[in-house]
Amino acid sequence: MTASKWSINSNQSDVLIKARHSIIAYLISRINKFKGSIAIKDDELEDASVEFMIDINSRLGKLEEFDTNIKLNDLLDTNKYPTISFKSISFQKVNANINFLKGYLTINNITKVVEFDAVLTELETNNNISKALFEIMGKINRKDFGLSPIAFNEAGGVAIGSNINLIANLEFITKTTNN
């Protein structure tokens with residue numbers, strides 16, 4: 001059986017930014033751009049290509065900042081660099097449960113090659129539309145991207161740790177046909 005290609009559903013995809021036990025922001029918006037595809041064979045992930053651009057200043061969609069000690073605006077210069085982007089360059093399948101997605105991550109106009117864990121979390125079919133839920137997750141060193149809690153450092157500092165977790169929940173869809 002050959003692998004089938006699935007396309008990303010931008011309306012059902014989102015990104016979560018988290019630091020040291022606190023959710024900084026849950027980024028979802030109608031104008032964020034997600035592109036990509038995955039290949040699935042025998043209910044297993046075979047290949048993946050993912051690209052996204054998140055507009056962190058979007059007012060048309062939904063940018064939720066949670067009631068935590070630190071806010072997204074304390075880490076990012078949202079006026080000068082209003083986007084976060086990722087473009088994959090390779091996919092490595094180790095086994096059914098271990099996959100790695102490598103790519104270029106740009107935050108604060110700084111681009112670095114990062115590697116994320118990639119997991120196919122769910123497959124379902126309803127009304128001839130198949131959905132695959134795919135999650136990429138990894139830790140990035142906030143200092144590599146010039147991310148420092150500006151306001152809190154000036155006010156005596158709040159320790160948030162050196163890493164930020166980035167989790168992208170991506171929905172891929174394909175139409176199925178009854179033969």
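**Labels and their grounds**

Analyst: Asn108 is found in the loop between E8 and strand E9 (110-126); helices (H or I, at least four residues) and strands (E, at least two) are DSSP runs, numbered from the N terminus. This is a predicted model, in which local features need pLDDT of at least 70 and side-chain atom pairs count only at pLDDT 80 or more, while totals for chains, interfaces and linings use all residues. Residues are numbered from 1 along each chain as its sequence is written, and side-chain values use heavy atoms, with hydrogens and water left out.

User: Why does Asn108 count as buried?

Analyst: Buried means under 20% relative accessible area, exposed over 50%, and partly exposed in between (1.4 Å probe, protein chains only). Asn108 has 10% relative accessibility, so Asn108 counts as buried. The phi angle of Asn108 is near 55 degrees, a positive value in a residue other than glycine.

User: What makes Asn128 partly exposed?

Analyst: The relative accessibility of Asn128 is 36%, so the label is partly exposed. Asn128 lies in the loop between E9 and strand E10 (129-141). Its phi is near 65 degrees, again a positive value in a residue other than glycine.

User: How many salt bridges does the structure hold, and what makes Lys87 and Glu51 one of them?

Analyst: The structure holds 2 salt bridges. In the pair of Lys87 and Glu51, the closest N and O atoms are 3.6 Å apart. This pair links distant parts of the chain, with Lys87 in strand E7 and Glu51 in strand E5, 36 residues apart. Lys87 is partly exposed, with a relative accessible area of 45%; Glu51 is partly exposed at 27%.

User: Which residues make the nonpolar surface patch?

Analyst: Ile89, Tyr104 and Val113 make a patch of about 280 Å². Patch residues have over 30% relative accessible area and no salt bridge; like charges are joined within 9 Å, and nonpolar side chains (Val, Leu, Ile, Met, Phe, Trp, Tyr) within 5 Å. Areas come from the Shrake-Rupley method with a 1.4 Å probe, and for residues only the protein chains shown count as cover. Tyr104, found in strand E8 (residues 99-107), is partly exposed at 41%.

User: Which residues have the most contacts inside the largest nonpolar core?

Analyst: They are Ile38, Phe52, Phe86, Leu105, Phe134, Ile136 and Phe172, in a core of 34 residues. Such a core is a set of buried Ala, Val, Leu, Ile, Met, Phe, Trp, Tyr and Cys residues joined through side-chain atoms within 4.5 Å. Not counting residues up to four places away in sequence, Phe134 touches, among others, Leu45, Val50, Leu120 and Phe172; contact means heavy atoms within 4.5 Å.

User: How many helices and strands are there in the protein chain?

Analyst: There are 2 helices and 11 strands. Of the 179 residues of the protein chain, 37% count as buried.

Terms used
Salt bridge = Lys/Arg side-chain N within 4 Å of Asp/Glu carboxyl O.
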